[in-house]
Amino acid sequence: MRGQRQTSGNLALEQSNVIVIEAAQRPETQKLRVAAYCRVSSDSSDQMNSFAAQMNYYTMLISGKANWALVDLYADAGISGTSAEKRPDFQRLLSDCRKGRIDKVLVKSISRFARNTMDCLKTIRELKAIGVGVCFEEQNIDTSNMTGELLTAAFSAIAQKESESISQNIRWSYQRRMESGTFLPPSVPFGYRIETHEIVVNEEQADTIRRIFRNYLAGQSMDKIVSLLNRENPSGEKRKWNISAISYILTNERYTGDSLWQKTYATDTLPTRQVRNHGEREQYFAEATHAPIIEKEIFQAVQELKKERVEKYGARTQRQGSPLQQKIFCGECGSRFRKKICRGVAYWACLGHDKDRQSCLVQQIPETEIQAAFLRLYHKLRLHGEPVLKQMISNLQSVQERRMLWSLEIVELNKRISDISDQDRTLASLNKLGLVDPDIFIAQSNQLAQQLRAAKQEKEKVLGSENDDTLSKTLELMETLETMPEFLSKFDGDVFASLVDKILVDSGSTIRFQLINGLKLRETIERSAR
């Protein structure tokens, strides 16, 4: 009987009415905030037409729902779907979801959303945790439902297998063409260009290539060649030359008209990475695949001279000085170090100390000890540097994103993009009701599309112009390290110049190497070697 108390010993039970409070329904006036994500995997004209069709479809679909409000259309065109980091608008979509601006995301299919199972599930779980559902139209899956995530796991696994299969087919096709000598690489080195499926010589750039080979054979160091090219800019391009680029050109067989294919290869697992081929894959050498820029006799003479200089000077000739020239500074007084020879031994000494030993106490250091310290640093970077640099990149990207979020110019551009999108939606609604002449609708729609495209391009330009130089140099440093040998038996001037910006000598026993990205790493001098 309801309301009747029953007692049994020390235990008292009471039955009472239970009032069930139903879950709150979304108010009729509050619309579901819906966004759509579109992606095509190529930038060809056919795919771009598909891309435009998706944009138009989702605009009409969302605008046509009375209880839906279109937040934005997020789209990445001509970008591979195997890695989320390479899709800027996908990252913008996630950012807006985290800020609470979106309730539901529409996507045509799982393959458009992600082709990597781990990334797909991670993203869906994160969005689901903050109340954002993802609706995949082709698979009829809505992650707001309890079973959505399990189905998504299955479909994303299928999508990943499809992507891996496509990658394997492409690699197989590349390999067959390499074996037959008909392979056309997706990119060509400086001095060439691809024209109507053929590699042709870019004569303006080819003159620079010939000059590099000629100057090197004439006795100029790579440092000297870099300085001349950066000062004179002979090819008319705003490119920054460095020693790594010169060394690459001097050893690239393609300038003789021959091709060595598969110097690097893509890893089998997604997302794929390009890694240096150290014998893990077959390489293919083909003669006369394109017109030469350098005669083979000249190319061979450069290889012999380069080898001779490595044996004699430890990787490069410095007729103007050693690889350490202009790179060593005193950490105490700030003076530059100069090289001097004492009893046949090379030393580096602080100019401030030489002028006044009382004002600067930093003494000279044997060159061999500086080189040995660099070798120790290099081995540490090769063994343990990757996680440190990855964390540094992650931190820099976070700082950059926070800065961009509060940039007045970016805020203003976002507002302009939003206003244009509002006008486009209003125009679409009026056209749907038959209140706009078809010719006027097409003209104004095209005009708004042009304005939207221009605003987005301006936003990309602003984002690119404010790109952190430290971030780009850290990424460059990681890529450079990946291409370098795992072990150096002796000091290599080219490797040193590619990694180190300058050296700061704090004392006779401690020096700091400042890498090209500004990171400073300390090393001790082994006194026993002195």
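Modeller: A residue is called buried under 20% relative accessible area and exposed over 50%, with partly exposed in between (1.4 Å probe, protein chains only). Helices (H or I, at least four residues) and strands (E, at least two) are DSSP runs, numbered from the N terminus. The model is predicted, so local features need pLDDT of at least 70 and side-chain atom pairs count only at pLDDT 80 or more, while totals for chains, interfaces and linings use all residues. Residues are numbered from 1 along each chain as its sequence is written, and side-chain values use heavy atoms, with hydrogens and water left out.

The helix is α2, residues 88–98, in which Asp89, Phe90, Leu93, Leu94, Asp96 and Cys97 are buried. Down the axis of α2 these buried residues fall within an arc of 160° (taken from the directions from the helix axis to the C-beta atoms), so they line one face of the helix. An α-helix has 3.6 residues a turn, so residues three or four places apart point the same way. After α2 comes Gly100, with a positive phi near 80°.

Now the rest of the chain. The protein holds 15 helices and 20 strands, and 41% of its 530 residues are buried. Of the contacts (heavy atoms within 4.5 Å) with a separation of 6 or more, 61% join residues 24 or more positions apart.

Another helix, α9 (residues 296–313), contains Lys306. Lys306 has 12% relative accessibility and therefore counts as buried. Beyond its neighbours within four places in sequence, Lys306 is in contact with Tyr216, Ser247, Leu250, Thr251 and Asp494.

Aromatic rings also join separate parts of the chain. Rings of Phe, Tyr and Trp (its six-membered ring) pair if their centres lie within 6.5 Å; planes under 30 degrees apart count as stacked, over 60 as edge-to-face and the rest as tilted. This rule gives 10 aromatic pairs. One of them is Tyr192 with Tyr255, stacked because the ring centres are 6.1 Å apart and the planes at 20°. Tyr192 belongs to strand β8 (residues 192–195), whereas Tyr255 is in the loop between α8 (243–250) and β10 (259–261), 63 residues apart. Both Tyr192 and Tyr255 are buried. Phe374 and Phe496 form an edge-to-face pair, because their ring centres are 5.2 Å apart and their planes at 80°. Phe374 lies in helix α11 (residues 367–405) and Phe496 in helix α15 (residues 493–499), 122 residues apart. Phe374 and Phe496 are buried. Ring pairs also link Phe374, Tyr378, Phe491, Phe496 and Phe513 into a cluster.

Two strands pair if DSSP finds at least two bridges between them. Strand β19 (residues 510–515) pairs with β20 in the antiparallel sense over 5 bridges. The open sheet has 4 strands in the order β14-β18-β19-β20, with mixed pairing. Its edges are β14 (328–330) and β20 (520–524), each with a single partner strand, so one side of each has no neighbour in the sheet.

Phi is positive at Thr196, near 50°, and at His197, near 65°. Thr196 counts as exposed because its relative accessibility is 69%; His197 is exposed, with a relative accessible area of 71%. Most residues other than glycine have a negative phi.
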